[in-house]
Amino acid sequence: MFDLEKLSKKELRRGKWLTILALFIGVGAISPVQAAASSALTAGLLVAIFVAPKTVLRWILPLALIAATWSFSGVSWLLQIVLTVAVIGARQVLVGHVQAPTKLTTQTKLKINGQGLNKRDLTVFKAVFNRTNDSVTHAEQLLTETNGLRKIAAETEVIRYARGVVKELADDPTQLTDADDFVYTHLPNMEKILMTYHDIISHEMIDESDKQQLAAARDVLRQLADQIQQDYRRITRDDITSLQDQLDTAKRTMRK
(Lines give C-alpha, C1' and ligand atoms only; values in the text may rest on other atoms or scores of the structure.)
Protein backbone atom coordinates (compact mmCIF):
# COMPACT_ATOMS: atom_id res chain seq x y z
CA MET A 1 0.00 0.00 0.00
CA PHE A 2 1.18 3.51 -0.80
CA ASP A 3 1.05 5.67 2.30
CA LEU A 4 -0.09 8.92 0.72
CA GLU A 5 0.68 10.78 3.93
CA LYS A 6 4.38 10.02 3.53
CA LEU A 7 4.72 10.89 -0.14
CA SER A 8 6.35 14.20 -0.97
CA LYS A 9 4.42 16.97 -2.73
CA LYS A 10 6.41 16.25 -5.87
CA GLU A 11 5.48 12.54 -5.82
CA LEU A 12 1.82 13.35 -5.18
CA ARG A 13 1.70 15.81 -8.08
CA ARG A 14 3.35 13.27 -10.35
CA GLY A 15 0.78 10.65 -9.33
CA LYS A 16 -2.07 13.05 -9.99
CA TRP A 17 -0.94 13.93 -13.50
CA LEU A 18 -0.18 10.32 -14.37
CA THR A 19 -3.74 9.51 -13.31
CA ILE A 20 -5.11 12.31 -15.49
CA LEU A 21 -3.02 11.04 -18.41
CA ALA A 22 -4.34 7.50 -17.87
CA LEU A 23 -7.95 8.77 -17.83
CA PHE A 24 -7.30 10.76 -21.00
CA ILE A 25 -5.94 7.66 -22.76
CA GLY A 26 -8.90 5.66 -21.51
CA VAL A 27 -11.35 8.21 -22.89
CA GLY A 28 -9.67 8.10 -26.27
CA ALA A 29 -9.62 4.31 -26.32
CA ILE A 30 -13.27 3.65 -25.49
CA SER A 31 -15.06 6.72 -26.83
CA PRO A 32 -15.73 5.22 -30.30
CA VAL A 33 -17.54 2.19 -28.85
CA GLN A 34 -18.68 3.18 -25.36
CA ALA A 35 -19.85 6.79 -25.31
CA ALA A 36 -21.46 6.61 -21.85
CA ALA A 37 -18.41 5.05 -20.22
CA SER A 38 -16.21 7.58 -21.99
CA SER A 39 -18.33 10.38 -20.52
CA ALA A 40 -17.86 8.96 -17.03
CA LEU A 41 -14.08 8.90 -17.45
CA THR A 42 -14.15 12.40 -18.95
CA ALA A 43 -16.03 13.70 -15.92
CA GLY A 44 -13.45 12.09 -13.62
CA LEU A 45 -10.63 13.61 -15.67
CA LEU A 46 -12.08 17.13 -15.46
CA VAL A 47 -12.68 16.88 -11.72
CA ALA A 48 -9.18 15.49 -11.16
CA ILE A 49 -7.61 18.60 -12.70
CA PHE A 50 -9.01 20.85 -9.99
CA VAL A 51 -8.72 18.79 -6.81
CA ALA A 52 -5.84 17.80 -4.54
CA PRO A 53 -3.59 14.88 -5.57
CA LYS A 54 -4.55 12.75 -2.55
CA THR A 55 -8.23 13.12 -3.41
CA VAL A 56 -7.55 12.17 -7.02
CA LEU A 57 -5.70 9.00 -6.10
CA ARG A 58 -7.92 7.99 -3.22
CA TRP A 59 -11.38 8.88 -4.57
CA ILE A 60 -11.68 10.38 -8.05
CA LEU A 61 -9.89 7.60 -9.95
CA PRO A 62 -11.77 4.67 -8.35
CA LEU A 63 -15.13 6.48 -8.60
CA ALA A 64 -14.51 7.27 -12.27
CA LEU A 65 -13.65 3.63 -12.97
CA ILE A 66 -16.73 2.40 -11.12
CA ALA A 67 -18.95 4.88 -12.98
CA ALA A 68 -17.43 3.78 -16.29
CA THR A 69 -17.98 0.12 -15.39
CA TRP A 70 -21.71 0.67 -14.80
CA SER A 71 -21.97 2.77 -17.98
CA PHE A 72 -20.71 0.00 -20.24
CA SER A 73 -23.43 -1.32 -22.52
CA GLY A 74 -23.72 -5.02 -23.19
CA VAL A 75 -22.12 -6.01 -19.89
CA SER A 76 -24.06 -8.18 -17.44
CA TRP A 77 -24.86 -6.77 -14.02
CA LEU A 78 -22.98 -9.68 -12.43
CA LEU A 79 -19.79 -8.75 -14.27
CA GLN A 80 -20.31 -5.10 -13.33
CA ILE A 81 -20.52 -6.08 -9.65
CA VAL A 82 -17.37 -8.16 -9.96
CA LEU A 83 -15.51 -5.30 -11.62
CA THR A 84 -16.75 -2.85 -9.01
CA VAL A 85 -15.55 -5.08 -6.19
CA ALA A 86 -12.21 -5.43 -7.99
CA VAL A 87 -11.82 -1.65 -8.25
CA ILE A 88 -12.69 -1.16 -4.57
CA GLY A 89 -10.31 -3.92 -3.58
CA ALA A 90 -7.48 -2.47 -5.67
CA ARG A 91 -8.14 0.95 -4.19
CA GLN A 92 -7.89 -0.41 -0.65
CA VAL A 93 -4.70 -2.33 -1.41
CA LEU A 94 -2.94 0.49 -3.25
CA VAL A 95 -4.05 3.79 -1.78
CA GLY A 96 -6.56 3.00 0.93
CA HIS A 97 -6.53 5.23 3.95
CA VAL A 98 -3.60 4.32 6.16
CA GLN A 99 -4.27 4.79 9.84
CA ALA A 100 -2.14 7.63 11.06
CA PRO A 101 0.64 6.50 13.38
CA THR A 102 -0.30 6.72 17.00
CA LYS A 103 0.66 10.12 18.28
CA LEU A 104 3.62 9.91 20.59
CA THR A 105 2.58 10.36 24.19
CA THR A 106 5.95 10.85 25.80
CA GLN A 107 4.85 14.22 27.13
CA THR A 108 1.85 12.76 28.98
CA LYS A 109 3.76 9.73 30.24
CA LEU A 110 6.61 11.70 31.69
CA LYS A 111 5.80 13.17 35.06
CA ILE A 112 7.76 16.28 35.94
CA ASN A 113 9.37 16.15 39.36
CA GLY A 114 8.64 19.61 40.71
CA GLN A 115 10.19 19.12 44.13
CA GLY A 116 12.37 22.04 45.14
CA LEU A 117 10.84 24.41 42.57
CA ASN A 118 8.54 27.25 43.44
CA LYS A 119 5.35 27.78 41.49
CA ARG A 120 6.84 30.36 39.13
CA ASP A 121 9.96 28.32 38.35
CA LEU A 122 7.85 25.22 37.76
CA THR A 123 5.60 27.11 35.34
CA VAL A 124 8.60 28.41 33.39
CA PHE A 125 10.20 24.96 33.31
CA LYS A 126 7.01 23.29 32.05
CA ALA A 127 6.80 25.76 29.17
CA VAL A 128 10.40 25.02 28.15
CA PHE A 129 9.95 21.28 28.70
CA ASN A 130 6.76 21.02 26.64
CA ARG A 131 8.26 23.03 23.78
CA THR A 132 11.37 20.84 23.82
CA ASN A 133 9.33 17.64 23.93
CA ASP A 134 7.21 18.81 21.01
CA SER A 135 10.36 19.64 19.02
CA VAL A 136 11.73 16.13 19.61
CA THR A 137 8.45 14.64 18.40
CA HIS A 138 8.46 16.90 15.31
CA ALA A 139 12.09 16.04 14.51
CA GLU A 140 11.31 12.35 14.90
CA GLN A 141 8.44 12.63 12.41
CA LEU A 142 10.56 14.56 9.91
CA LEU A 143 13.35 11.99 10.14
CA THR A 144 10.97 9.27 8.89
CA GLU A 145 10.05 11.01 5.65
CA THR A 146 12.93 10.03 3.33
CA ASN A 147 15.37 7.16 3.07
CA GLY A 148 18.37 9.43 3.63
CA LEU A 149 16.93 10.89 6.82
CA ARG A 150 15.77 7.50 8.08
CA LYS A 151 19.32 6.24 7.62
CA ILE A 152 20.69 9.11 9.70
CA ALA A 153 18.11 8.46 12.43
CA ALA A 154 18.93 4.74 12.54
CA GLU A 155 22.71 5.11 12.49
CA THR A 156 22.96 7.93 15.02
CA GLU A 157 20.01 6.97 17.26
CA VAL A 158 19.55 10.70 17.70
CA ILE A 159 15.93 10.46 18.82
CA ARG A 160 16.81 7.89 21.45
CA TYR A 161 19.37 10.28 22.93
CA ALA A 162 17.01 13.25 22.59
CA ARG A 163 14.28 11.35 24.41
CA GLY A 164 16.85 10.45 27.04
CA VAL A 165 17.63 14.11 27.67
CA VAL A 166 13.92 14.92 27.93
CA LYS A 167 13.41 12.12 30.46
CA GLU A 168 16.34 13.31 32.56
CA LEU A 169 14.89 16.82 32.58
CA ALA A 170 11.52 15.52 33.71
CA ASP A 171 13.18 13.59 36.54
CA ASP A 172 15.33 16.54 37.62
CA PRO A 173 14.39 19.98 36.24
CA THR A 174 17.45 21.53 37.91
CA GLN A 175 19.54 19.91 35.15
CA LEU A 176 18.14 22.37 32.63
CA THR A 177 21.33 24.43 32.89
CA ASP A 178 23.35 21.35 31.88
CA ALA A 179 21.05 20.82 28.89
CA ASP A 180 20.90 24.41 27.67
CA ASP A 181 22.89 23.63 24.50
CA PHE A 182 20.43 20.84 23.68
CA VAL A 183 17.31 22.86 24.47
CA TYR A 184 18.27 26.18 22.92
CA THR A 185 20.79 25.33 20.18
CA HIS A 186 21.23 21.75 18.98
CA LEU A 187 17.62 20.57 18.92
CA PRO A 188 16.15 23.81 17.44
CA ASN A 189 18.85 23.86 14.75
CA MET A 190 18.11 20.25 13.83
CA GLU A 191 14.39 20.93 13.63
CA LYS A 192 14.86 24.01 11.42
CA ILE A 193 17.24 22.20 9.05
CA LEU A 194 14.84 19.27 8.75
CA MET A 195 11.94 21.59 7.92
CA THR A 196 13.94 23.39 5.24
CA TYR A 197 15.22 20.05 3.92
CA HIS A 198 11.65 18.91 3.36
CA ASP A 199 10.71 22.16 1.68
CA ILE A 200 13.52 21.64 -0.83
CA ILE A 201 12.73 18.01 -1.65
CA SER A 202 9.13 19.01 -2.26
CA HIS A 203 10.17 21.26 -5.16
CA GLU A 204 9.04 20.14 -8.58
CA MET A 205 12.57 20.45 -9.95
CA ILE A 206 15.81 19.83 -8.05
CA ASP A 207 19.10 20.71 -9.74
CA GLU A 208 22.65 19.69 -8.88
CA SER A 209 23.13 22.71 -6.64
CA ASP A 210 20.06 21.70 -4.62
CA LYS A 211 21.36 18.15 -4.32
CA GLN A 212 24.68 19.44 -3.02
CA GLN A 213 22.87 21.54 -0.44
CA LEU A 214 20.82 18.53 0.66
CA ALA A 215 23.98 16.46 1.01
CA ALA A 216 25.57 19.23 3.08
CA ALA A 217 22.44 19.36 5.24
CA ARG A 218 22.68 15.61 5.91
CA ASP A 219 26.31 16.07 7.01
CA VAL A 220 25.30 18.84 9.42
CA LEU A 221 22.42 16.72 10.73
CA ARG A 222 24.89 13.96 11.57
CA GLN A 223 27.07 16.47 13.39
CA LEU A 224 24.08 17.74 15.35
CA ALA A 225 23.13 14.16 16.19
CA ASP A 226 26.62 13.69 17.62
CA GLN A 227 26.21 16.89 19.63
CA ILE A 228 22.88 15.66 21.01
CA GLN A 229 24.53 12.41 22.06
CA GLN A 230 27.14 14.46 23.91
CA ASP A 231 24.34 16.50 25.49
CA TYR A 232 22.90 13.27 26.87
CA ARG A 233 26.29 12.16 28.17
CA ARG A 234 26.74 15.55 29.84
CA ILE A 235 23.39 15.48 31.61
CA THR A 236 23.92 11.93 32.89
CA ARG A 237 27.57 12.32 33.92
CA ASP A 238 26.71 12.78 37.62
CA ASP A 239 25.02 9.37 37.67
CA ILE A 240 28.02 7.78 35.95
CA THR A 241 30.41 9.46 38.37
CA SER A 242 28.31 8.35 41.33
CA LEU A 243 28.29 4.76 40.09
CA GLN A 244 32.05 4.84 39.55
CA ASP A 245 32.56 6.12 43.12
CA GLN A 246 30.37 3.34 44.47
CA LEU A 247 32.30 0.73 42.51
CA ASP A 248 35.62 2.10 43.75
CA THR A 249 34.36 2.04 47.32
CA ALA A 250 33.11 -1.52 46.95
CA LYS A 251 36.46 -2.65 45.51
CA ARG A 252 38.39 -1.08 48.38
CA THR A 253 36.09 -2.77 50.87
CA MET A 254 36.59 -6.15 49.28
CA ARG A 255 40.36 -5.82 49.51
CA LYS A 256 40.25 -5.42 53.30
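D171 forms a salt bridge with K167. Their closest N and O atoms are 3.0 Å apart. This is a predicted model, and it holds seven salt bridges.

- D171 and K167 both lie in helix 8, which covers residues 158-171.
- Four residues separate them, about one turn of the helix.
- D171 is partly exposed, because its relative accessible area is 36%.
- K167 also counts as partly exposed, at 42% relative accessibility.

- E208 pairs with K211 in a salt bridge, with the closest N and O atoms 3.7 Å apart.
- Both residues belong to helix 10, residues 208-235. They are three residues apart, about one turn of the helix.
- E208 is exposed, with a relative accessible area of 54%. K211 counts as partly exposed, at 44% relative accessibility.
- R234 forms a salt bridge with D231, and here the closest N and O atoms are 2.9 Å apart.
- R234 and D231 are both in helix 10 as well, three residues apart, about one turn of the helix.
- R234 counts as partly exposed, with 27% relative accessibility.
- D231 is buried, because its relative accessible area is 2% and buried means under 20%.

- D180 is found in helix 9, residues 180-201.
- D180 is partly exposed, with a relative accessible area of 35%.

- K16 has its place in helix 1, residues 9-30. T19 lies in helix 1 too.
- K16 is buried, with a relative accessible area of 9%.
- Leaving aside neighbours within four places in sequence, K16 is in contact with A48, I49, V51, P53, V56 and L57.
- T19 counts as buried, at 7% relative accessibility.
- With neighbours within four places in sequence left aside, T19 is in contact with V56, L57 and L61.

- Helix 2 runs over residues 35-50, 16 residues in total.
- At 1.5 Å a residue, helix 2 should span 22 Å. Its end C-alpha atoms are 23 Å apart, which agrees.
- A37, S38, A40, L41, G44, L45 and A48 are buried in helix 2.
- Seen down the helix axis, these buried residues fall within an arc of 155°, so they line one face of helix 2.
- A35 and F50 are exposed on the other side of helix 2.

**Nonpolar surface patch**
- W70, W77, L78, L79, I81, V82, L83 and V85 make a nonpolar surface patch of about 790 Å².
- Helix 4, residues 77-95, gives the most to this patch, with seven residues.
- W77 is found in helix 4.
- W77 is exposed, because its relative accessible area is 59% and exposed means over 50%.

How values were computed
Residues numbered from 1 in each chain as written. Predicted model: local features only at pLDDT ≥ 70, side-chain atom pairs only at ≥ 80, totals over all residues. Heavy atoms only, no water. Patch = residues over 30% accessible without salt bridge, like charges linked within 9 Å, V, L, I, M, F, W, Y side chains within 5 Å. Areas by Shrake-Rupley, 256 points an atom, 1.4 Å probe, with all protein chains shown as cover. Salt bridge = Lys/Arg side-chain N within 4 Å of Asp/Glu carboxyl O. Helix = DSSP H or I, 4+ residues; strand = E, 2+ residues; numbered from the N terminus. Buried < 20%, exposed > 50% of the residue type's maximum accessible area, 1.4 Å probe, protein only. Expected span 1.5 Å × (residues − 1). Arc of directions from axis to C-beta. Contact = heavy atoms within 4.5 Å.
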